[in-house]
Amino acid sequence: KRNMKTALPDLTIPLRFQINSQNYGMYCIKVFASKSRTGLVDVKPISTTPIHLVEYKLSLSARDWDNVWYKYEGGKDKCMQVEICLESKDTTSVHEYRVPLKLSLKYDSPELLQVVDQDLLRIVGPSVVGPFKPFIDPDTGKVMISFRIEDVSKNHQGQDFIVELSSESSKYPHVAPAYTPSVSIRSKHNKRQRPNNSVAQDSQISQQNPDE
């Protein structure tokens, strides 16, 4: 009879899996210890992180991206800009699909937690009536998207932000999302304090020229 209190050696076994399914979406693989073969009854199973089974993916190109962005500098028309392309697994551009896109504001964290107030993310576009809803142009297989984040990182415990871009319609569950680089939102540059010796020199000049 095996003594269950005896520590077992650490064993690492490489495993390879293949998911044979025509249904796109999120999957997890759970691994159990076979009780009938090992006799072990207290071995906890393990699971992989979620696996997104897709056919296409969104590819992002960030033009002139700054890791620090000042929301009160450059006017209200200032915005961040990214180009989104629809690609196959071999990075070939895919056309003929008009894929509606959804933007989600998240924190730059391992869990990619979603920001509660999604209205802080504002898409800038040529909409006349209602909000602008971006989509992949079926003729070119891509779209340019401009947006602003209307709050500073300081109000979110100093956390940086990430924008997730995904297919909005349930008709396209087989498209993997894309993510922007992280960005810290600040109000404006801090004014540099003048050196003390410069202030002292200005004071001496004023004393020498009291009438100026």
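**Close-up 1. The side chain of H156 makes a polar contact with the side chain of Y107.** The model shown here is predicted. The H156–Y107 polar contact spans 2.7 Å. H156 sits in the loop that lies between β10 (142-149) and β11. H156 counts as buried because its relative accessibility is 11%, and buried means under 20%.

**Close-up 2. The surroundings of H156 include Y107 and F161.** Neighbours within four places in sequence are left aside here. H156 is then in contact with Y107, V115, L120, D151 and F161. Of these, Y107 also meets H156 through the side-chain polar contact.

**Close-up 3. An open sheet is formed by 3 strands.** Their order is β8-β11-β13, and the pairing is antiparallel. The edge strands are β8 (101-107) and β13 (178-179), each of which pairs on one side only. Strands of a sheet pair through backbone hydrogen bonds.

**Close-up 4. Strand β11 pairs with β13 in the antiparallel sense.** Strand β11 covers residues 161-167. Its pairing with β13 runs over 2 bridges. L165 stands opposite A178, a residue of β13.

Close-up 5. The structure holds 0 disulfides.

Terms used: Residues numbered from 1 in each chain as written. Predicted model: local features only at pLDDT ≥ 70, side-chain atom pairs only at ≥ 80, totals over all residues. Heavy atoms only, no water. Disulfide = S-S within 2.5 Å. Pairing = 2+ DSSP bridges. Helix = DSSP H or I, 4+ residues; strand = E, 2+ residues; numbered from the N terminus. Buried < 20%, exposed > 50% of the residue type's maximum accessible area, 1.4 Å probe, protein only. Polar contact = N/O pair within 3.5 Å; in protein donor to acceptor, adjacent residues only side chain to side chain. Contact = heavy atoms within 4.5 Å.
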